[in-house]
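Hi,

Here is the structure I promised to pass on. Have a look at it first, and then read my notes below.

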Amino acid sequence: MSRSRKPLEMQKGNLTVEQQINMQQAEETVTVGREQLARAPNWLIDDVAKKEFKRIVKEFERIDVVGNLDLNNIAGYCNAYSFYLRATNQLKNEGLTVEREMKNGSVGTFKNPLIDIQKLYADEMRKFAALCGLTIDSRLKVATVKTTKTNQEIDDKFGDI
């Protein structure tokens with residue numbers, strides 16, 4: 001039984017020519033240069049943050065979704081990452097609790113304040129990660145858009161073979 005091809009506008013899941021043009025224009029509108037990502041910014045706090053910046057930018061090259069406008073978010077993530085690692089390493093050496101002298105002269109055991117610092121920078125990392133595409137959710141959104149575009153290009157080229 002032969003299948004008749006529906007007009008492009010009627011096909012479910014396919015984009016109309018107008019939608020394709022709009023998608024291409026939207027992509028071109030948000031596409032920016034990447035030259036500022038070639039080097040880690042000098043305002044990163046240390047070598048750990050700079051190394052993480054280089055690693056992330058290299059990974060992003062594979063999916064081609066970030067550009068110059070993402071520089072601050074990536075660098076912010078890298079600084080938070082460095083602080084998080086510092087707090088985590090200090091916690092390894094100091095432990096989860098600390099002893100302090102209380103006002104009455106006795107000694108009490110309390111949560112190590114580094115735990116709050118670690119949590120603060122973990123939260124910062126999550127915020128920046130979501131903003132610049134480091135989360136699985138944000139990458140899946142990009143993958144969906146790219147897959148839709150690729151499928152549409154294949155369908156445009158080969159039709160309903």
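What follows is a short tour of the cysteines, a glutamate beside one of them, and a hairpin.

Please keep in mind that this is a predicted model.

Let me start with the cysteines. The count of disulfides comes to 0. Cysteine 78 has the sulfur of cysteine 132 as its nearest cysteine sulfur, at 7.9 Å. A disulfide would need the two sulfur atoms within 2.5 Å, so cysteine 78 is in no disulfide. Cysteine 132 is likewise in no disulfide, with the sulfur of cysteine 78 as its nearest.

Next comes glutamate 52, which sits in helix H2 (residues 47-63). This glutamate 52 is buried too, with 5% relative accessibility. Setting aside neighbours within four places in sequence, glutamate 52 is in contact with Tyr77, Cys78 and Tyr81. Glutamate 52 and cysteine 78 lie 26 residues apart in sequence, yet their C-alpha atoms are 5.9 Å apart in space.

Finally, the hairpin. Strand E1 (residues 97-101) pairs with strand E2 (residues 107-111) in the antiparallel sense, over 5 bridges. If you want a place to look, glutamate 99 has threonine 109 in E2 as its bridge partner. There are 5 residues between the two strands of this hairpin, and glycine 105, in the turn, has a positive phi of about 95°.

Terms used. Residues are numbered from 1 along each chain as its sequence is written. This is a predicted model: local features need pLDDT of at least 70, side-chain atom pairs count only at pLDDT 80 or more; totals for chains, interfaces and linings use all residues. Side-chain values use heavy atoms; hydrogens and water are left out. Helices (H or I, at least four residues) and strands (E, at least two) are DSSP runs, numbered from the N terminus. Buried means under 20% relative accessible area, exposed over 50%, partly exposed in between (1.4 Å probe, protein chains only). Contact means heavy atoms within 4.5 Å. Two strands pair if DSSP finds at least two bridges between them.
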